[in-house]
Amino acid sequence: MAKSMKWTILGGGNGGQTTAGHLGMMGFDVTLYDIFEETIESITKQGGVYLEDALNGFGKVRRATTNIEEALQDADIVLVTVPATAHTTVAKACAPYLKDGQIVILNPAATFGSLAFKKTLKDEGCTANVTLAETNTLLYGCRIIEPGRTQVFGLKSRILIAALPATETANVVAAVQPAFPQFEATESILVTSFDNTNPILHPATTLLNTGTIESDHEWHFYIDGFTPSIGRFVEAMDEERLAIGRALGLELLSCREQMEVEYNVFENNLADSVRKNSVYQDIKGQKTLDTRYLTEDIPMGLVPFVALGKLLDLPTERMEVIISMGQLVLERDLMKDARTLENLGIENMTPKEFINYVKTGEQR
């Protein structure tokens, strides 16, 4: 039964191609959708995706297409593996073609991706009875070598997943675990969203390394860029995230504790944990500030953290500094399409009503 499930991956980037290849290696029926014809042509020509290093082999992809209707037509499980900034665009494209009974997973969701996706489907008039879910992070550390070939640095040992509402989580986990036993049910999308530590690790580290980024030096983001001082700042910013989580009834893992659970790295502080993480060793630092570490992780991660913090009257000083600094350094407004309470469709809810909504789907 499990192998008969048909998977569609929306997004042909690092994570999308790696996921499609991995599923194909395991013998699942896989369709890959992407907007770039070069990617689709390459994968179609060779019939799948080659994976190297931590995963090594060839994964068959039954169909690779730039046609979203074709990609969705017989899918049982849809993994949306695109940058969070594209979630609304993808939801609009999917809205006319989704069908009753399909499971749609934001993989990963950034912060409250399933809420943004659901609001967009509703705004677009989608009436299909689909189950929405989200993960806290991507399973793989990976990069594209060329279209149809990816390098996999490593796999995490645990991925959290929750449905919206949480009453559907058990059904989603039962569907995905035959392929991905690393996917573990968690209480609600509050956990998957607040467990997203990219907005904590990426933007501050990027902005505080601006001089290196704009120099001629080659560098490694986590090894060279995550200095002890930056580590202390980031760890203090992480405390803001944890405090918001506690106010919402969550006992979250800190970034340092996540390193223990996901990568088996045990150190006394975050800087040492990051720098001694073997999966991070070969990840090079960027050479431009126009990077997803700012343009995605700020509006899709830090902004909703701050919005919930303000709703709960909790301090978010460091997060707010990084949001302002990012916009000033980039000379760009990152708030227009950011995940504010209004853009998530929860602006009229109290904290208690919001918690009840993500758990039960009921609006009071």
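Ala 110 sits in the loop between β7 and α5, where helices (H or I, at least four residues) and strands (E, at least two) are DSSP runs numbered from the N terminus. The model is a predicted one, in which local features need pLDDT of at least 70 and side-chain atom pairs count only at pLDDT 80 or more, while totals for chains, interfaces and linings use all residues. Residues are numbered from 1 along each chain as its sequence is written, and side-chain values use heavy atoms, with hydrogens and water left out.

Although Ala 110 is not a glycine, its phi is positive, at about 60 degrees. With 10% relative accessibility, Ala 110 counts as buried, a term that means under 20% relative accessible area, whereas exposed means over 50% and partly exposed lies in between (1.4 Å probe, protein chains only). The loop between β7 (103-106) and α5 also holds Pro 108, and the peptide bond that joins Asn 107 to Pro 108 is cis, with omega at about 0 degrees.

A cis peptide bond runs from Leu 164 to Pro 165, with omega near 5 degrees, and Pro 165 belongs to the loop between β11 (159-164) and α6 (169-176). Glu 331, which is not a glycine either, has a positive phi of about 55 degrees and is found in the loop between α16 (317-330) and α17 (341-344). Glu 331 is exposed, with a relative accessible area of 74%, whereas Ala 110 is buried.

Two packed helices are described by the angle between their axes and the distance between the axes. The axes of helix α4 (residues 87-94) and helix α5 (residues 113-123) come within 9 Å and cross at roughly 40 degrees, which makes α4 oblique to α5. Axes here are lines fitted to C-alpha atoms, for helices over the stretch in contact, and angles run from 0 to 180 degrees between N-to-C directions; those under 35 degrees count as roughly parallel, over 145 as roughly antiparallel, 65 to 115 as roughly perpendicular and the rest as oblique. On the α4 side the contact (heavy atoms within 4.5 Å) is made by His 87, Thr 88, Val 90, Ala 91, Lys 92 and Cys 94, and on the α5 side by Gly 113, Phe 117, Thr 120 and Leu 121.

Aromatic rings provide another way into the structure, which holds 12 aromatic pairs. Rings of Phe, Tyr and Trp (its six-membered ring) pair if their centres lie within 6.5 Å, and planes under 30 degrees apart count as stacked, over 60 as edge-to-face and the rest as tilted. Trp 7 and Phe 28 form an edge-to-face pair, 6.1 Å centre to centre with 75 degrees between the planes. Because Trp 7 lies in strand β1 (residues 6-10) and Phe 28 in the loop between α1 (14-25) and β2 (29-33), this pair ties together parts that are 21 residues apart in sequence. Trp 7 is buried at 1% relative accessibility, and Phe 28 is buried at 6%.

The rings of Phe 221 and Tyr 222 also form an edge-to-face pair, because their centres are 4.9 Å apart and their planes stand at 85 degrees. Phe 221 is buried, with a relative accessible area of 0%, as is Tyr 222 at 4%. Both belong to one aromatic cluster together with Trp 219, Tyr 263, Tyr 280 and Tyr 293.
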